[in-house]
Amino acid sequence: MSGIDKAIVALRELDTGATRIAIDARIQLIVALGFVVVVLTVPLTNPGALVWMFAYPIIMSEASGVGYLRVLKQSLWVLPLIAAIGMFNPILDTRPVAVVMGITLTEGWVTFAAILLRGLLSVQALLVLTNTCGFREVCRALQRLGCPAVLVTQLMMLYRYIGVLLEEAQSMHRARLARGFGRKSYPLKMWSEFVGQLLLRSIKRAQRVHLAMLARGFNGNCFIEWARPSLHWRDLTFLLGWAAVIIALRFLPINAFLSNLISR
Amino acid sequence: MSHHYIRYTNVHYSYPSGQEALKGVDLLIKHGEKVALLGLNGAGKSTLLLLTNGLLLPTEGEVNVGDVPVSKKTAPMVRRAVGMVFQNPDDQLFMPTVWDDVAFGPRNMQLPPSEVERRVEVALRSVGAWDLRDRAPSDLSGGQKRAVAIATVLSMEPNILVMDEPSSNLDSRTREQLMAIVNDFHHTVVIATHDLEMALELCPRSVIMKDGRIIADGLTERLLRDQELLELAGLSLTPALAEYVEK
């Protein structure tokens, strides 16, 4: 299976492969977003406090049957992007903060580690959410929580058309393979032409889709209406339970408590 | 029966690239007629359909749907009456689920939710796709996509159905289903197609186009018997169809 084929399968699994849990998607969304906000309040100078926050994605993914390994693997794809955000910190901030096994740790490295952990935690929280709700349910939850219909529609169409774009790329890739006679690598120029062609095909398709939308009365307004099912006790228990756990992970001095325990 | 007719009066259309797609088309399609537009690629069939729906406006001449001249101002009203099924169902299915896609048109018509639900159910059941309602369009087979694409238009309860190459890429079973759907549609139908068998089976009347002009208009059976005309239009009969027409 080529990389594009795998990407198509992975994209479809965002919905069809989601391991649903019996908690309302709105509540899961609130918990996940609350978790991200709490993670972002942890100071960059204290990455140790972030380590305990991994309890949320680990417990959620294992309890729902998604499996933390899957979430971890998926989240590693964005690690380079997260690293790019903090890559200059170790160079620009060289104030020493500690010496560990003879190696001087600088403030820049500490904040860089904190940025990596914050990024991974945020991405993992959202991955757990889509893996346990499905992408469509997340969009519906957004709408039900009052997010403007135009934003939700954009998000859903983006999701739909990543698939279409991948299918275009897949057909071009297959056509190239069919006439590639086993050739594995291609010069950069060819790749740039491939991407250019993909862009042109996507624009053409976007034009045709726009026509199809107009043909069915689209005038720029979005009419997504979803019923708001009532919440159950289990939803509220889930919300309160996780709120308590996340606040505890954030504010209790777990590291100090553990080091005291060990020193005794 | 539909209360709408379609009248094209000296219609010209040029694309922004300068390509002249229609060169003075005059045509009247009456209430409840089923008409096939036949011709090679580039003959102007699809352009004529896009003009009917108000997606393109003529550079010269006039298109009337009923008593309404198609213009930028009247296009939204015209699109309520004229349902268009596009050649590639992937272009037509853009929402994340089949249900949302079929509901897209009725919602844009600002119908009450209960009426939207009713229309979606009726449309999906009529094409045999009710069981697919929660599926993502990307997960459907070619035939299923085509059926749902037709449902997206039927849910708007149009008076006129225009279809661009509806039988392309369909297997024989799905093609049969499509024919049944069109046969059950009791309003005006205009089909642009290369599929001469489909034209013969569904449309008593055909219009043959070449290079943006109408070169023949009449009974499908009679036109398909005219070998000289077919050669001029670049159309050819399959052996089975040739045998049938000769009989």
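In helix H7 of chain B, the residues Thr174(B), Arg175(B), Leu178(B), Met179(B), Ile181(B) and Val182(B) are buried, where buried means under 20% relative accessible area, exposed over 50% and partly exposed in between, with a 1.4 Å probe and protein chains only. They lie on the same side of H7(B) because they cover an arc of only 160° around the axis, the arc being that of the directions from the helix axis to the C-beta atoms. An α-helix has 3.6 residues a turn, so residues three or four places apart point the same way. The face turned away from the buried side of H7(B) carries the exposed residues Ser172(B), Arg173(B) and Asp184(B).

This is a predicted model, in which local features need pLDDT of at least 70 and side-chain atom pairs count only at pLDDT 80 or more, while totals for chains, interfaces and linings use all residues. Residues are numbered from 1 along each chain as its sequence is written, chains are lettered from A and ligands numbered from 1 in the order in which they are written, and side-chain values use heavy atoms, with hydrogens and water left out.

H7(B) runs over residues 172–184, and its 13 residues reach 18 Å from the first C-alpha to the last, close to the 18 Å expected at 1.5 Å a residue; the expected span is 1.5 Å times one less than the number of residues. Helices (H or I, at least four residues) and strands (E, at least two) are DSSP runs, numbered from the N terminus. The buried residues of H7(B) pack against several elements of chain B, including strand S3 (34–38), strand S7 (160–164) and strand S8 (188–193).

S8(B) is largely enclosed by the rest of the structure, because 6 of its 6 residues are buried. Thr188(B), Val190(B) and Ala192(B) are buried on one side of S8(B), and Val189(B), Ile191(B) and Thr193(B) on the other. In a regular strand the side chains alternate between the two faces of the sheet. Two strands pair if DSSP finds at least two bridges between them, and the pairings of S8(B), together with one from another sheet of the chain, are as follows.

| Strand pair | Sense | Bridges |
|---|---|---|
| S3(B) and S8(B) | parallel | 5 bridges |
| S7(B) and S8(B) | parallel | 5 bridges |
| S4(B) and S5(B) | antiparallel | 2 bridges |

Lys34(B) has Val189(B) in S8(B) as its bridge partner, and Asp164(B) stands opposite Ala192(B) in S8(B). Elsewhere in chain B, 4 strands form an open antiparallel sheet in the order S2-S1-S4-S5. Its edge strands, S2 (20–29) and S5 (68–69), each pair on one side only, and Val65(B) has Val68(B) in S5(B) as its bridge partner.

With a disulfide taken as a pair of cysteine sulfur atoms within 2.5 Å, the count over all chains comes to 0. The sulfur of Cys147(A) is 9.0 Å from the closest cysteine sulfur, in Cys139(A), too far for a bond. Cys147(A) is partly exposed, with a relative accessible area of 22%, whereas Cys203(B) is buried at 2%.

Chain A has 13 helices and 2 strands, and 42% of its 264 residues count as buried. An automatic or database assignment gives chain A domain 1 (18–133 + 227–255) and domain 2 (149–215), with C-alpha centres 33 Å apart.

How values were computed. Contact = heavy atoms within 4.5 Å.
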